Amino acid sequence: LRTAVWTALAAGILALLLWLGADAILSIFGASGSVVAAAREALLISVVLLPLSAVSSIVYSALRSAGEV
């Protein structure tokens, strides 16, 4: 459980940093204003979903190693 919490925290921080730096990152690829706005919305969804995905992956792996899956 402790690993799942740390993994979710790390994934959330990385997703948040990606969202905050979206303008700079997307400008590397030459994205226009409307594309950047749409990408920021999509990245905001990842800020919420990435930590949940990380927790589910850790819990599944823990169950699998315990022989429960």
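Colleague: In which helix does Arg-40 lie?

Modeller: Arg-40 lies in helix α3. Helices (H or I, at least four residues) and strands (E, at least two) are DSSP runs, numbered from the N terminus. Please note that this is a predicted model, in which local features need pLDDT of at least 70 and side-chain atom pairs count only at pLDDT 80 or more, whereas totals for chains, interfaces and linings use all residues. Residues are numbered from 1 along each chain as its sequence is written, and side-chain values use heavy atoms, with hydrogens and water left out.

Colleague: What makes Arg-40 count as buried, partly exposed or exposed?

Modeller: Buried means under 20% relative accessible area, exposed over 50%, and partly exposed in between (1.4 Å probe, protein chains only). Arg-40 has 23% relative accessibility and therefore counts as partly exposed.

Colleague: Why is the pair Asp-23 and Arg-40 called a salt bridge?

Modeller: The term requires a side-chain nitrogen of Lys or Arg within 4 Å of a carboxyl oxygen of Asp or Glu. For Asp-23 and Arg-40 the closest N and O atoms are 3.7 Å apart, and the pair forms a salt bridge. Asp-23 belongs to helix α2 and Arg-40 to helix α3, so the pair ties together parts that are 17 residues apart in sequence. Their C-alpha atoms are 8.1 Å apart in space. Asp-23, at 41% relative accessibility, also counts as partly exposed. By this rule the count comes to one salt bridge.

Colleague: Which residues is Arg-40 in contact with, leaving aside its neighbours within four places in sequence?

Modeller: With contact meaning heavy atoms within 4.5 Å, Arg-40 is in contact with Trp-19, Leu-20, Ala-22 and Asp-23.

Colleague: How do you know that the length of α3 agrees with its number of residues?

Modeller: The expected span of a helix is 1.5 Å times one less than its number of residues. The 33 residues of α3 (residues 33–65) should therefore span 48 Å, and the end C-alpha atoms are 47 Å apart, which agrees.

Colleague: Where does α3 bend, and by how much?

Modeller: The bend at a residue is the angle between axes fitted to the seven residues ending there and the seven starting there. At Val-48 this comes to about 35°, and a proline, Pro-51, follows within four residues. Just after α3, Gly-67 takes a positive phi of about 80°.

Colleague: Which residues of α3 are buried, and what do they pack against?

Modeller: Val-36, Ala-39, Val-47, Pro-51 and Ala-54 are buried in α3. The buried residues of this helix pack against α1 (2–20) and α2 (22–28).

Colleague: How does the radius of gyration of the protein chain stand against that of a compact globule?

Modeller: The radius is taken over C-alpha atoms, and the globule rule is 2.2 Å times the number of residues to the power 0.38. A compact globule of 69 residues would come near 11 Å, but the protein chain has 16 Å. Its C-alpha atoms fill a box of roughly 50 × 20 × 15 Å along the principal axes. Of the 69 residues, 17% count as buried.

Colleague: What does the secondary structure of the protein chain come to?

Modeller: The protein chain has three helices and zero strands, in the pattern α-α-α along the sequence.
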